[in-house]
Amino acid sequence: MKNALLSEALQLPCGVELPNRLAKAAMTEGLATPEGVPTPALNTLYRHWSAGGAGLLLTGNVIVDRDHLERPGNVVIDREPDPEMAQALAAWAQACTVGGNQAWVQLSHAGRQTMKTVNPHPRAPSAVKLGLPGGQFGIPVALTVEEIAGLVERFAVAARAVCSAGFTGIQVHAAHGYLLSQFLSPRSNQRRDAYGGSLENRSRLLLQVVAAVRDAVGPAVAVAVKLNSADFQRGGFDFGESLRVAKWLEAAGVDLIEISGGTYEQPRLLGVEGLEAPDPQKVAASTLEREAYFVDFALAMRREVSVPLMVTGGFRTREAMQEALASGGVDVIGLGRPMCLQTDAPARLLAGAVDVPRYEQGLGLLPDWLGFLKRVKTVRTLDTFAGQYWFYAQLDALGKRGEAEPELSVLRAALRVAVEQRRLLRGRTLRP
């Protein structure tokens with residue numbers, strides 16, 4: 001029956017079975033030590049989520065190079081774990097799976113989206129600076145071919161480490177403007193060697209990483225990829241290219257592709273518009289588009305690929321989730337921001353709840369009467385990031401105190417997160 005679709009199991013190509021069609025999407029936690037070791041607070045957070053009914057939990061960015069954090073407090077695995085790290089990873093994996101769900105680690109490298117306070121000159125495909133005001137991101141340095149080969153090995157080392165610790169799968173992050181996404185985009189990748197130019201060349205690193213991860217974890221472990229449907233930037237990675245990459249990933253034996261979109265410069269993943277007008281994509285619109293940001297791209301992609309597809313971004317009503325599954329274009333529904341406070345949102349939906357909370361509505365640093373200030377690019381950027389910091393603060397509260405703080409103001413949340421990130425930065429040991 002249509003109403004039972006959310007609770008149906010899904011068998012992936014590798015043989016792994018997801019117990020239902022709801023996933024806790026990857027969200028940055030910021031709860032590791034300054035050196036990137038998982039903490040008891042991170043375990044507490046994931047015990048809440050594992051008990052919350054989702055068939056799949058995806059971790060936030062686990063970074064494969066400590067000099068390229070997505071934010072301070074990321075878990076970092078850029079070498080074979082020492083005993084302390086191995087024990088911490090095992091404890092985290094145990095917390096992530098208490099509900100009998102799948103738990104996959106999202107492996108990532110921030111590339112040029114590394115903040116200047118972490119690395120003033122991060123490595124990237126090319127020396128193309130992030131186009132955001134405020135001076136928070138430095139001028140990147142183009143990776144050498146030798147450094148690229150080392151990155152492939154780092155992904156493999158991290159994948160092997162987390163699966164040995166008890167995690168049940170890997171998601172390679174190739175979306176949202178992080179390093180692998182930067183290689184895919186002709187705007188940020190201006191190389192003239194085997195990793196730049198044609199789409200085949202721009203996809204080379206992603207496909208090498210997927211092959212190395214598969215070799216590291218074996219054929220019976222789930223390997224997924226998070227892929228932009230488009231960057232939504234003129235001259236960037238578009239849906240036609242995304243479709244071709246999806247076909248190559250299917251041929252490479254990927255078990256699930258999560259369809260997302262946007263970058264820091266064009267944050268469509270948050271349902272907001274960046275500083276430049278978004279580049280429109282030639283994809284037929286459906287009624288589902290009104291609720292879920294990327295579902296129409298999945299529907300269009302399904303006509304070309306058979307690999308299971310996951311969509312995250314905007315889903316809030318059970319009816320829309322069921323309709324997306326019934327369409328045949330979406331196999332897994334990802335939930336993000338609702339689970340920052342309502343950690344058992346999947347269980348409620350499976351029990352018949354009609355929707356999940358829209359906490360993002362009305363969040364912003366500025367009151368409505370000062371909305372005109374958002375015409376200033378720097379103010380608009382700060383307002384968007386401050387709203388995100390409110391969710392960061394909720395995850396911090398869940399992990400450290402066991403419950404969220406829905407009454408917390410955006411300003412107080414932003415200040416709290418800023419103070420915590422400075423503390424984590426002061427405790428970091430830089431690579432020699």
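**Figure 1. Arg123 and its salt bridge with Glu147.** Arg123 is partly exposed at 29% relative accessibility; buried denotes under 20% relative accessible area, exposed over 50%, and partly exposed the range in between (1.4 Å probe, protein chains only). This is a predicted model, in which local features need pLDDT of at least 70 and side-chain atom pairs count only at pLDDT 80 or more, whereas totals for chains, interfaces and linings use all residues. Residues are numbered from 1 along each chain as its sequence is written, and side-chain values use heavy atoms, with hydrogens and water left out. The closest N and O atoms of Arg123 and Glu147 are 3.2 Å apart; a salt bridge requires a side-chain nitrogen of Lys or Arg within 4 Å of a carboxyl oxygen of Asp or Glu. Because Arg123 belongs to strand β7 (residues 123–124) and Glu147 to helix α3 (residues 145–165), the pair ties together parts that are 24 residues apart in sequence. Helices (H or I, at least four residues) and strands (E, at least two) are DSSP runs, numbered from the N terminus. Glu147 is likewise partly exposed, at 30% relative accessibility.

**Figure 2. The salt bridge of Asp331 with Arg302.** In this pair the closest N and O atoms are 2.4 Å apart. Asp331 occupies the loop between α9 (318–326) and β13 (332–335), while Arg302 is in helix α8 (residues 295–302), so that distant parts of the chain, 29 residues apart, are linked. Both Asp331 and Arg302 are buried.

**Figure 3. Arg348 and Asp344 joined by a salt bridge.** Their side chains meet at 2.9 Å, N to O. Arg348 is partly exposed, with a relative accessible area of 42%, and Asp344 is also partly exposed, at 28% relative accessibility. Elsewhere, salt bridges with shared partners connect Glu35, Arg66, Asp78, Arg79 and Arg154 in one network. The whole structure contains 23 salt bridges.

Figure 4. Lys226 is buried, with a relative accessible area of 5%.

**Figure 5. His176, a residue with a positive phi.** The phi of His176 is about 60°, although His176 is not a glycine. His176 is located in the loop between β9 (169–174) and α4 (179–184).
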